[in-house]
Structure formats: structure tokens, C-alpha cells
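Please read this briefing alongside the sequence and the 3D structure shown below.

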Amino acid sequence: MFRIGCHISASGGYLAMGKRIDALGGNTFAFFTRNPRGGAAKDIDQGDVDAFLAFCREKDIDRIVAHAPYTLNPCAEKDYVREFALNTFADDLKRMEYTPGQYYNFHPGSHVGQGLEVGIEKIAETLNAVLFPEMTTTVLLETMAGKGSEVGVRFEQLRAIMDRVTLSEKLGVCLDTCHIWDAGYDIVGDLDGVLTAFDKAVGLDRLKAVHLNNTKNDLGVAKDRHEKLPDGKIPLEAIKRIVTHPALEKLPFILETPNDEAGYAAEIALVRQLHG
Ligand code: FE
Ligand code: FE
Ligand code: ZN
């Protein structure tokens with residue numbers, strides 16, 4: 001089954017999200033587990049979750065890719081920022097178990113001048129503190145563009161984090177096409193080469209989801225500015241090669257392009273057409 005969807009608002013709860021993505025023509029989606037700027041999450045209503053899971057079975061929605069708040073920085077320098085990351089992460093992983101076997105995606109973090117090595121150590125330390133043996137969720141490290149002091153830009157950095165995590169079988173990677181392009185991976189000119197590099201560094205079996213975005217920037221500028229699929233620096237032929245590539249085709253594709261709901265519906269239809 002080909003899975004395409006987009007980032008949607010979490011308002012109204014789980015069943016509302018299921019209906020929202022279905023109305024847009026999607027069969028997978030991402031949402032923020034709480035206000036993206038952080039803070040308390042709403043209580044989960046078991047009845048809402050049950051209705052959502054039944055709706056998903058009916059509509060063949062089998063993959064959701066929750067997104068951690070982007071203020072969550074597991075390798076922050078300040079203790080209170082790292083503590084927020086730890087508490088939020090742990091709480092989100094508990095909440096994810098209401099929808100068993102799904103994905104929770106997070107930005108590895110920014111080392112804010114402490115250096116890459118310290119960043120990698122602290123991220124692994126956070127993961128070792130929050131992952132638990134009984135969890136059914138897979139935690140996805142997102143590939144980053146390299147703006148500021150982001151960690152997780154080169155595939156080897158993701159590997160270095162995973163190697164330091166005891167329950168590393170709970171980890172996977174979410175590949176963001178805007179981010180890796182901005183990071184310097186030429187997915188337009190040499191998609192196979194990029195995927196081979198990923199396979200060597202991390203292993204393609206660890207690749208679980210794709211954030212399908214175009215970019216406003218040229219290759220390698222380390223900026224991270226998403227663009228609508230038809231408008232950015234990545235031509236549609238290259239997007240087509242991505243969504244039809246045998247190593248990627250089975251993964252959920254999530255649009256995080258600057259669109260309103262009508263724009264997302266149109267892009268979901270466009271991707272379906274490109275996939276054929
Ligand atoms: Fe993200
Ligand atoms: Fe992303
Ligand atoms: Zn981004």
C-alpha cells in the first residue's frame with residue numbers, strides 16, 4: 001500500500017485527526033503531540049482513541065508519525081531545558097502506547113556550542129532514560145538541515161547516537177527531504193548514492209518514514225526552509241524518483257510543506273499521480 005499524507009492539526013482529538021486526513025485524501029499523517037512550543041498535553045480520552053482505531057481499520061490508515069514539540073532539545077546546555085525534554089519525551093512515549101506500534105519522531109537537538117560529541121552523548125543519555133523495554137512505539141530521529149548547531153545532520157551522527165543507546169532496537173530514522181538537501185545530500189542528481197551512504201552509515205532497515213518537502217534553498221546551504229512540492233529547488237521528476245524508489249516506496253510519506261488544507265489535498269493528489 002502506498003502511504004501519503006501530511007502534517008495536520010491535533011485539535012479535536014484522535015478521531016477528528018483521522019477524519020481530517022481522510023477528507024484530504026491521505027492515509028497517513030503527522031501531528032504535534034502537544035503545543036509545538038511545549039507545555040502540558042491534553043488528557044487522552046480512551047473512547048476517542050477506540051473510535052479512531054476503528055475508523056483507521058475501516059479506512060486502511062495503519063501508520064501515524066507523531067512529532068515531538070520542536071522546542072524539545074535533548075542536548076541543551078541548560079539543565080532545565082534538558083529536564084523539559086526528558087519529561088516531555090517520557091510523557092509522550094506513555095501517551096503513544098494508546099496507539100500501539102506507531103512512530104514518534106523528534107529532532108535530535110542542537111548542541112548550542114557544547115560541540116558535536118557532547119551533543120551526541122547527551123541525546124543518547126536522554127534516550128537511555130526514556131525508552132523502556134515494553135514500549136511498542138518506534139522512536140525516529142529526524143535528519144536535520146544543519147542550521148545553527150543542529151545534531152543529526154550527517155547520517156554518521158545518527159549512527160553515533162543509536163550506537164550509544166541500550167534499547168537501540170526501538171530506534172529508527174525519519175528522512176526529511178528538505179533537510180537532507182539543505183544538508184548537502186544531492187537527492188536530485190544522485191538519489192541512489194545518497195541512499196547507499198545512508199545504508200552504509202545507518203542501515204536502510206532503520207529508515208521508517210519520509211518527510212516529503214521541497215526546499216527554498218540550494219544544495220548544502222544548511223538553512224531548512226520548506227517549500228511547496230511544485231515550487232522549490234527539487235524538480236518534480238526528482239520527487240517522483242523518491243516516491244517510487246524501491247527502498248522508499250513502502251514508507252509513509254508526510255508532507256510538511258507550507259499549505260493550507262486545500263493545498264495539502266492538492267499535493268496529496270499530486271504525489272499519488274507521481275507515484276502512479
Ligand atoms: Fe521535524
Ligand atoms: Fe521534517
Ligand atoms: Zn524543517
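This is a predicted model: local features need pLDDT of at least 70, side-chain atom pairs count only at pLDDT 80 or more; totals for chains, interfaces and linings use all residues.

Residues are numbered from 1 along each chain as its sequence is written, chains are lettered from A and ligands numbered from 1 in the order in which they are written, and side-chain values use heavy atoms, with hydrogens and water left out.

**Iron site**

- Helices (H or I, at least four residues) and strands (E, at least two) are DSSP runs, numbered from the N terminus.
- Histidine 67 counts as buried because its relative accessibility is 3%; buried means under 20% relative accessible area, exposed over 50% and partly exposed in between (1.4 Å probe, protein chains only).
- Glutamate 142 bridges the iron ion (ligand 1) and the iron ion (ligand 2), and these two ions lie 3.2 Å apart.

**Zinc site**

- His179 (NE2), Asp224 (OD) and His226 (NE2) coordinate the zinc ion (ligand 3) at 2.0 to 2.4 Å.
- The sequence spacing of these donor residues is H-x44-D-x1-H.
- Histidine 179 is in helix H6 (residues 177-182) and aspartate 224 is in the loop between strand S8 (214-215) and strand S9 (226-227), so the pair ties together parts that are 45 residues apart in sequence.
- Histidine 179 and aspartate 224 are both buried.
- The zinc ion (ligand 3) is 5.5 Å from the iron ion (ligand 1).

**Barrel and strands**

- Eight strands close into a barrel with parallel pairing, in the order S1-S2-S3-S4-S5-S6-S7-S10. On average, neighbouring strands of this sheet are turned by 30 degrees against each other, direction ignored.
- Strand S3 (residues 63-67) pairs with S4 in the parallel sense over three bridges; two strands pair if DSSP finds at least two bridges between them.
- Tyrosine 104 in S4 is the bridge partner of alanine 66.
- Strand S4 (residues 103-106) is covered on both faces, with Tyr103 and Asn105 buried on one side and Tyr104 and Phe106 buried on the other.
- Strand S5 (residues 138-142) runs parallel to strand S6 (residues 171-176) and is joined to it by four bridges.
- Glutamate 142 stands opposite cysteine 174 in S6.
- Leucine 175 is also found in strand S6. Leucine 175 is buried, with a relative accessible area of 4%.
- Not counting residues up to four places away in sequence, leucine 175 touches Thr143, Ile180, Phe198, Leu207, Ala209, Val210 and His211; contact means heavy atoms within 4.5 Å.

**Cores and helix packing**

- The largest nonpolar core has 78 residues, and Leu127, Val139 and Leu212 have the most contacts inside it. A nonpolar core is a set of buried Ala, Val, Leu, Ile, Met, Phe, Trp, Tyr and Cys residues joined through side-chain atoms within 4.5 Å.
- A second, separate core of seven residues includes Ala30, Leu140, Ala209 and Ile254.
- Leaving aside neighbours within four places in sequence, leucine 127 is in contact with Phe89, Phe106, Val139, Ile161, Val165 and Leu171.
- Glycine 119 is in helix H4 (residues 116-130) and, at 0% relative accessibility, counts as buried.
- Helix H8 (residues 236-244) packs against helix H9 (residues 261-275) at an angle of about 70 degrees, with axes 9 Å apart. Axes are lines fitted to C-alpha atoms, for helices over the stretch in contact, and angles run from 0 to 180 degrees between N-to-C directions.
- H8 and H9 are therefore roughly perpendicular to each other; angles of 65 to 115 degrees count as roughly perpendicular, under 35 as roughly parallel, over 145 as roughly antiparallel and the rest as oblique.

**Positive phi**

- Valine 112, in the loop between S4 and H4, has a phi near 40 degrees, a positive value in a residue other than glycine.
- Alanine 222, in the loop between S8 and S9, has a positive phi near 55 degrees.

Technical notes: Donors are N, O and S atoms within 2.8 Å of the metal (3.2 Å for Na, K and Ca); water is not among the atoms, so sites may look incomplete.
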